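Thanks for asking me to look this over. My notes are below as numbered points, to be read with the structure open beside you.

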Amino acid sequence: MKKSFIIMLFGIFSMLMSFAQDTIIKGSVLDGTTGEPIPDVTITIEETGQSVKTDAQGVFQFPGTVPLGEQVLKVEKVGYVTKRYPIVVNEGQTVDISGMTLDFDTSDKKDLFIISISDDNLNSEDDGLTDNVSGLLQSSRDVFLNAAAFDFSATFFRPRGLDNANGKVLINGVEMNKQFNGRPQWGNWGGLNDVQRNQEFTMGMSANDYTFGDLAGTNNIIMRASKYRKGGRISYASANRSYTGRFMASYNSGLLKGGWSYSVLASRRFGDEGFIDGTLYDSNSFFASVEKKINDKHSLNFTGIYAQNRRGRSTAITEEVYNLKGREYNPFWGYQNGDKRNSRIREIDEPIFMLNHFWEMSPKVRLNTNIAYQFGEIANSRIDNNGSRLDAINNGVYGGARNPTPEYYQNLPSYFLDDPNPTAYDYQLAYQAQQDFINDGQLDWNNLYGANAINSYSVYVLQSDVVKDNQLSLNTILDANLAENIRLNANINYRSLKSENFARIEDVLGGSGYLDIDAFAEDNIGQESEGQAQSDLNNPNRVVTEGDRYKYNYDINSDVISGFAQAQFKYNKIDFYVGANVSKTTYQRDGKYRNGFFANSGNLSGFGETGSFGESEKLDFSNYGVKGGFTYKITGKHMIDVNGSYFTKAPSIRNSFGNARQSNQTVIGLESEKIQSVDASYIYRSPIVKARLTGFYSGFQDGTDIGFFFTENSSNFVQEVQTNIERRHVGAELGIEAQVTPTIKLKAAASVGQYVFTNNPNLYYTAADFKDVNGDYTILTYGDGTTALENLHVSGGPERAFQIGFEYRDPDFWNIGVTSNFFSNAYVDASALKRSASFSQDVDLLPVDTEGNLIIPAGGNISGYTINDYDDNVANELLKQEQFDSYMLVNVIGGKSWKINDYFVGFFATINNVFNQDYRTGGFEQSRRVDYRSQIEEQNNPNGPVFGNRYFYGNGTTYYLNVYVRF
């Protein structure tokens, strides 16, 4: 009896123990080649979407309640081929699947990203027109975003109509976006492909562990020595798009005895020219990271990056130039001593050093503290043809030289055929101009040297516009699991920037020096204390030479402090999050020159300080944001995901000062931009099919934009300032892929959007020589002071993009993929001046002085003077925004790898635009001759407009081939 009782108690105890046991899923992930553990692998239960990451030892365990029965684990990490493992989960039991393996992904698409985004941005004359958001998306495994990053990027397609300024790029949790324009400078870490494979991307305003985020998403590049797989890689790449060759070698130690680990990389990219003529490439990149695991709670990591880049640039061209010279034409280069020399060189030389401390305060609380310092300069060269000489007899100045650009409008056939009824002599001149341009059409360096040789000072010099930044960044990031299903993220950030901005003489082109005065200034320079011609009245009539600063010289000091907090909640059927941030931003200009046009300090309504020397008023912006979202799990395969946000952003430094090179004046009516957004997605996931359909909306108010140009009726440089800009971005995107067999995957992607202005922004102009009838400095406005942009499209790549394609991965380690990509609904960037009241004014009736200069009324507004034969129907046609033709691009990718003893040898290749399609990626209307009558002459001239739209053209057929050895 006693024995039976004991047996019964033992049985009851066993049953209770069984019921008390937790249901656990745990395991580990190893490299399929080396057998080393892989950290930061994402393990997802597909039915519920629950996910965890492996630790430094490659180990994982799902916390809390897990689903029972047959389940599929998705195992993925950027740089590896995703795998799925079926498991069976029984209640109260532990499922231990240690030893799962991931194989290295030999397709190496990161190289595609580097060559198509970073380098193209360095190539264009206007970064604002070519910077796109695709680079942010390279680490995403989402079908649509993957297409946007790798296949759509050549067209400068912008997902949801957003550019880089709407996204965040972090390295080890430290923000890399420039304060000048809000955009990341990709060249700062270019050529470091092998150490950029560990990335964490979150789309849009969804929950992010490091920062509040932005509309285009957040990408954190993890560059910790301990996070790299042990081993090395040596590769060589050949291409014809930007560089023509690249060597790269890297090695990662893995975790060594004593808790040390290190990673090093060196690469060189080079080429005399890419697809565009004369676009030289010369870049060297170095990376080193050393990490010490002090104990189980503390690790200290140092990362150093030096990515020097020197690159020849190109520019947008008119259709006339394209027809004569083709899409490979680049006017910036010419032969000198038998070699091609490009006058527009962009040089980036900005090292980055950072120290990262990782503190595991407890198993549930982690604190990451970072300090980073970046310094160096970005220099953009160009030819200055404003060289002058002193006129001792008349006590004045004379000078300035002809524009040396070979595609200057006076060198083209259309200039000679501008008259509605050209003569035989006009045709003769046009034909001669055509033949000269076709047969040469390049910069004449010898002519520049010759002009300087016959003058006392150089009339031509090669100058650089230099931005020399010193930035200190500090932040601390908290990640805490408050409960089994509640997680808290928070950070505090501080960034301090001192930015020196100046022009520098790079080459006097055979001359003896350069007289630092403005040849276009209309004053008597003998009055040295007040002479407008002087760049710096504190050092009048200065002669500068190579290496000297001149023309303009000022500092921008900026401080940004921000805080962010976010709570994430995870439950069986729903996950949701809420987050908020606050920030304070200050800017101040500190002029080093007392410019002759802005010699005296004073206050102009709305401008604040208008002097040029010393400190400006301090601009101060306080901003905030809130966001939230949820994921509702209908079943394990069907989910609904919704995100919403409202936040304000301080204007960038670029858009805060109206004419920073010459004065302290700030933008009139400057406000923080207001942004609201919402997106909703239906997500379907099964072992065979993955799909996402998303609708999105973003609204923008109080935007600011500043442009710069010369007008036909002014020899001075004009600043165009738009404020109160409102935009609406709305559309839908779809991505779907199907693993129809173990080796064949079909995929499709689509985006349909509409990105338009929703109001008529305020518009005014400033220039150094804008004085009213009283002789006072003034702004210039037309009519009601707005520009009619409402319902026009925001330029920036096609609004519609579609893709179909397939991938084949053979078990024998070779793969091939083909995609067909269709693009439409891209628009030219509309001229604001052309759509102001200036368009309808009769330029012959405008008041001018005896020298033909516009007389500006007191207050700066010009109204009336309307053309008497103005026709609204004709005007509507003249003002119609140009839509580019649609086009299709076919791309092919493929690769193969072999294992030879302990080495892996392989190659990866891509051919873009297989059928050599001609297409335009962007363009803009010129703001010269934009009044009604001039536009009738321009657009109706059968010989082509003199100041036609300028276009960026896409590359023809290009290739990229990468051969590597991995060990």
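1. Three strands make an open sheet in the order β17-β48-β47, with antiparallel pairing. Its edge strands are β17 (317-318) and β47 (920-924), each of which pairs on one side only. Strands here are DSSP runs of E with at least two residues, and helices are runs of H or I with at least four, all numbered from the N terminus. Two strands count as paired if DSSP finds at least two bridges between them.

2. A word on the source: this is a predicted model, where local features need pLDDT of at least 70 and side-chain atom pairs count only at pLDDT 80 or more, while totals for chains, interfaces and linings use all residues. Residues are numbered from 1 along each chain as its sequence is written, and side-chain values use heavy atoms, with hydrogens and water left out.

3. Back to the sheet: β47 is joined by four bridges to β48 (residues 950-953), and the two run antiparallel. One place to look is Gly923, whose bridge partner in β48 is Tyr951.

4. Next, please look at β11 (residues 218-221), which is covered on both faces: Thr218 and Asn220 are buried on one side, Asn219 and Ile221 on the other. Buried means under 20% relative accessible area, exposed over 50%, and partly exposed in between (1.4 Å probe, protein chains only). Strand β8 (residues 168-171) runs parallel to β11, joined by four bridges, and Ile171 has Ile221 as its bridge partner there. Strand β10 (residues 199-202) is antiparallel to β11, again with four bridges; Phe201 stands opposite Asn219.

5. Which residues of helix α7 are buried? They are Asp426, Ala430, Ala433 and Phe437. Seen down the axis of α7, these fall within an arc of 65° (taken from the directions from the helix axis to the C-beta atoms), so they line one face of the helix. An α-helix has 3.6 residues a turn, so residues three or four places apart point the same way. The face of α7 turned away from the buried side carries the exposed Ala424, Tyr425, Gln428, Tyr431 and Asn439.

6. Finally, there is a nonpolar surface patch of about 870 Å² accessible area together, whose members include Phe302, Phe353, Tyr373 and Leu472. Areas come from the Shrake-Rupley method with a 1.4 Å probe, and for residues only the protein chains shown count as cover. Phe302 lies in β16 and is partly exposed, at 35% relative accessible area.

Technical notes: Patch = residues over 30% accessible without salt bridge, like charges linked within 9 Å, V, L, I, M, F, W, Y side chains within 5 Å. Salt bridge = Lys/Arg side-chain N within 4 Å of Asp/Glu carboxyl O.
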